[in-house]
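The sequence and structure come first.

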Amino acid sequence: MPPRPRAALAKAALLAAALLSATGCAAADALQQGSAAAPATGAPVLTFAAAERRPAPDLAGEDLDGTPQSLVALRGHVVVLNIWGSWCGPCRAEADGLQRVHAETEAQGVRFLGIDTRDPQPGPARTFVRDHGLTYPSLYDPKGALVRTLPPQTVNVQALPATLVIDRAGRIAAAVTAPVTPGQLRAVLDPITAEAATP
C-alpha cells in the first residue's frame, strides 16, 4: 500500500533538512535571492543575477599593518573578498591559491581584500600573510564585527573560510561558502569580470 500523503511529506521534509545541513548554506534564502550552484565549481556557491544583487556593506578599518582600507575605495573594480583566520586550517589550505588568482587577475582590474577575523592579536595573522606570500591587504577584525555586517546567507560566521565576489557597482554577485581552489574561484569570478562596467 502506498504511504499516506502526510507520511510522504514528512519524509520529504526530513530529506530537505538533511540536504540543507550538508551544504551548510541558507538554501531557502538562496532560492529567493539567487541560485545555489555547486556542480560547476565543486564548492557550495551562491550566484546572483544582476537584478537580484544587494549592495555590499561599506566595510572599512585598518589592515594588519595599521593602514586604512575600505571596500568603497575599490568601487569600479571587481573585488574578491575573502574571510579568513590564522587559526583556520581550511583557510591555510586555500591561501596560496587565492594569491595565485590575485596575481593572474590584477591586470584585468580585479582587486582582492581579506578580512582576518577572530584573531585576538595581529601577530599570528601577519605570520600567516608572510608564510603564504599574500600581497593584498586584509582588514583586521578581531571580534568579528565586520563579518557580522555581511548578509547571513552569504557568510556563515561559524564556518570559515568564505569568499564573496563584489561587482563593479559594489554589489554582492557571488558567494563561495567553503574553501575554494583557483579553478573554482576562476569559474565564479571570470563571468563577473566579463560583465560590462555599467550593469
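Does R186 count as buried, partly exposed or exposed, and at what relative accessibility? R186 counts as partly exposed, at 21% relative accessibility; the cut-off for buried is under 20%. The model is predicted.

## Salt bridges around E104

R186 and E104 meet through their side chains in a salt bridge, with an N to O distance of 2.9 Å. This pair links distant parts of the chain, since E104 belongs to helix α3 and R186 to helix α5, 82 residues apart.

E104 also forms a salt bridge with R100, where the closest N and O atoms are 3.2 Å apart. Here both residues lie in helix α3 (residues 89–105), four residues apart, which is about one turn of the helix. E104 is partly exposed, its relative accessible area being 35%.

## The R53–E195 pair

R53 and E195 form a salt bridge through their side chains, at 2.7 Å from N to O. The two residues sit in distant parts of the chain, 142 residues apart: R53 is in the loop between β2 (45–47) and β3 (60–62), and E195 is in the segment after α5 (182–193).

R53 counts as buried because its relative accessibility is 11%, under the 20% cut-off. E195, at 28%, counts as partly exposed.

## Network and total

The structure holds six salt bridges. Through shared partners, salt bridges join R53, D167, R171 and E195 into one network.

Terms used
Residues numbered from 1 in each chain as written. Predicted model: local features only at pLDDT ≥ 70, side-chain atom pairs only at ≥ 80, totals over all residues. Heavy atoms only, no water. Salt bridge = Lys/Arg side-chain N within 4 Å of Asp/Glu carboxyl O. Buried < 20%, exposed > 50% of the residue type's maximum accessible area, 1.4 Å probe, protein only.
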